[in-house]
Amino acid sequence: MEHERLRAQARHDDARVSRRGFLGLAAWGLAALLVPRRGAAAPAPGRPRELSLHNLHTDERLTALYWDGEAYVPDALAGLNVILRDYRTGEVSPMAPALIDVVHSLSERIAGAGPVQIISGYRSAATNDMLRAADPLHVAEHSLHLSGEAIDLRIEGRSLGQVRDAALALGAGGVGYYPRSGFVHVDIGRVRSW
């Protein structure tokens, strides 16, 4: 009973997704759970994990209980995939659950902060090519955004320096610091920083 109640807690605030888009998302979310991906191993059983996101480009907000203490919650992951979609093209792709875990850990590390503000999650090849053409020094040809393994973010109520320092302390992947652009990049690639 408690298990089912926790699953039901995932919710969308102001997210507008068509029925067709939602069905596509559900298929992507299921595929993300079934297809092995780098960093996608489920964590050991433990307390439930909830994440609050605010996509600054679409103004969508989502608070989702994505790990119920025993397993990832498919509907919540599907919702996270939607809010982390390529806002330029509308393309939705599965985000690596391990990346969601890193963002959750980052948010908890700097407790008391507001929601995680999303600058960029998944990036389609077309969007990545466009961004790379405009700034080849700062946009990787084989960006981890393309595979749902990177997020550019900031956290409401915390400085970018605090977010960067907390991300570096996790030692969970790459951390890029972009103070002039107003975000920190986190990914689940090899541990490195720039």
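Modeller: Strand β5 runs antiparallel to β4, and 4 bridges join the two; strands are DSSP runs of E with at least two residues, helices are runs of H or I with at least four, and both are numbered from the N terminus. Two strands count as paired if DSSP finds at least two bridges between them. This is a predicted model, in which local features need pLDDT of at least 70 and side-chain atom pairs pLDDT 80 or more, while totals for chains, interfaces and linings use all residues. Residues are numbered from 1 along each chain as its sequence is written, and side-chain values use heavy atoms, leaving out hydrogens and water.

Within β5, D152 is the bridge partner of S120. D152 also stands opposite H185 in β7, a strand that is antiparallel to β5 and joined to it by 4 bridges. Because 5 of its 6 residues are buried, β5 is largely enclosed by the rest of the structure; buried means under 20% relative accessible area, with a 1.4 Å probe and protein chains only.

The largest nonpolar core has 36 residues, and Y66, I151, L153 and V186 touch the most other members. Such a core is a set of buried Ala, Val, Leu, Ile, Met, Phe, Trp, Tyr and Cys residues joined through side-chain atoms within 4.5 Å. Among the elements that each supply at least two residues of this core are β5 (150-155) and β7 (183-187), while α4 gives the most, with 6 residues. Contact means heavy atoms within 4.5 Å. Beyond four places in sequence, V186 touches residues including A150, I151 and L153, as well as L99, V103 and L106.

Notes
Buried < 20%, exposed > 50% of the residue type's maximum accessible area, 1.4 Å probe, protein only.
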